[in-house]
Amino acid sequence: MSFTEDEQRLAQPDDHASVHIAAWYMDDSIEDQRLSHQQNPEKPASLQVLQNLGVLYWKLDADQYETDPRLAAIRKVRGYSHVEIINISKDTLPDYENKIKTFYEEHIHSDEEIRYILDGSGYFDVRDLDDQWIRIHCKKGDLIILPEGIYHRFTLDETNHTKAMRLFVGEPVWTPFNRPQDEHTSRRKYLEKFGRVASTA
Ligand SMILES: CSCCC(=O)/C(O)=C/O
Ligand SMILES: [Fe+2]
């Protein structure tokens, strides 16, 4: 498939120079996962830090998602043929308690995780290369891509509601592989691409 210059430009992730992302290194407290868990003093993580871990980010207009040319270009250029919407709250998500537990287990996937927040908010936590948690506060209009093989988890925040679009290339596979997965092909690929481990292939 070929793309116009316009589509390629529109599909470019936001740049750390022009966009601020709400992300920070977490404290070690085992208090309620929905709290912000900022360190004292706070230790922000820039979009550049996240990009170095393979995380991509766009700020879009969630009120226009059905007609947004930027979202259309991202989907076309990156091949996201599958789209579905998940509405996460006690009243809207079947099997809510189990799902919330599963989302917060540290895991990887064998594909990218692509999430576009249409309403509400929540936290994606990702491990950096020193195994520190970075918490990303995703709100309405945030589209985030976590690369294949990155250790991560998700939780609602204190608003207790996230409505998100989940995108996928082809037939979706949502399977989480809970840590430890150090021998998993996707984990090894991730470390070869973004980590400090030399390729053995
Ligand atoms: C905000 S979408 C729900 C979380 C999810 O799908 C996932 O895979 C978390 O890692
Ligand atoms: Fe996940």
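In this report Ala, Val, Leu, Ile, Met, Phe, Trp, Tyr, Cys and Pro count as nonpolar, Asp, Glu, Lys and Arg as charged, and the others, Gly among them, as polar. By that scheme the shell around ligand 1 divides into four nonpolar, three polar and four charged residues.

The model is predicted: local features need pLDDT of at least 70, side-chain atom pairs count only at pLDDT 80 or more, and totals for chains, interfaces and linings use all residues. Residues are numbered from 1 along each chain as its sequence is written, while chains are lettered from A and ligands numbered from 1 in the order in which they are written.

**Ligand shell**

A residue is near a molecule if its C-beta atom, placed from the backbone, lies within 6 Å of it. Around ligand 1 these are Ile 86, Phe 103, Glu 113, Arg 115, Gly 122, His 152, Arg 153, Phe 154, Thr 162, Ala 164 and Arg 166. At least two shell residues come from each of strands S5 (113-127), S8 (152-156) and S9 (162-168); helices (H or I, at least four residues) and strands (E, at least two) are DSSP runs, numbered from the N terminus.

**Annotated positions**

An unreviewed UniProt entry lists His 107, His 109, Glu 113 and His 152 under "binding site". They are spread over 46 residues of sequence, yet cluster in space, with a largest C-alpha distance of 11.4 Å. UniProt positions follow the numbering used here, feature names are shortened, and annotations may be inferred rather than shown by experiment.

His 107 is found in strand S4 (residues 107-108), and His 109 lies in the loop between S4 and S5. A residue is buried if 20 or more other C-beta atoms, placed from the backbone, lie within 10 Å of its own, exposed if 12 or fewer, and partly exposed in between. His 109 counts as buried because it has 20 such neighbours; His 107, with 19, is therefore partly exposed. Contact requires C-beta atoms, placed from the backbone, within 7 Å. Leaving aside residues up to four places away in sequence, His 107 touches His 152, Arg 153, Pro 176, Phe 177, Asn 178 and Arg 179. With neighbours within four places likewise left out, His 109 is in contact with Glu 148, Thr 175 and Pro 176.

**Backbone geometry**

Most residues other than glycine have a negative phi, and most peptide bonds are trans. Two cis peptide bonds are tabulated here.

| Cis bond | Omega |
|---|---|
| Asn 40 to Pro 41 | about 0° |
| Arg 179 to Pro 180 | about 10° |

Pro 41 sits in the loop between strand S1 (23-25) and helix H2 (47-52), and Pro 180 in the loop between strand S10 (177-178) and helix H5 (185-194). Asp 95 has a positive phi, near 60°, and is exposed, with 9 C-beta neighbours inside 10 Å.

Definitions and conventions
Contact = placed C-beta atoms within 7 Å.
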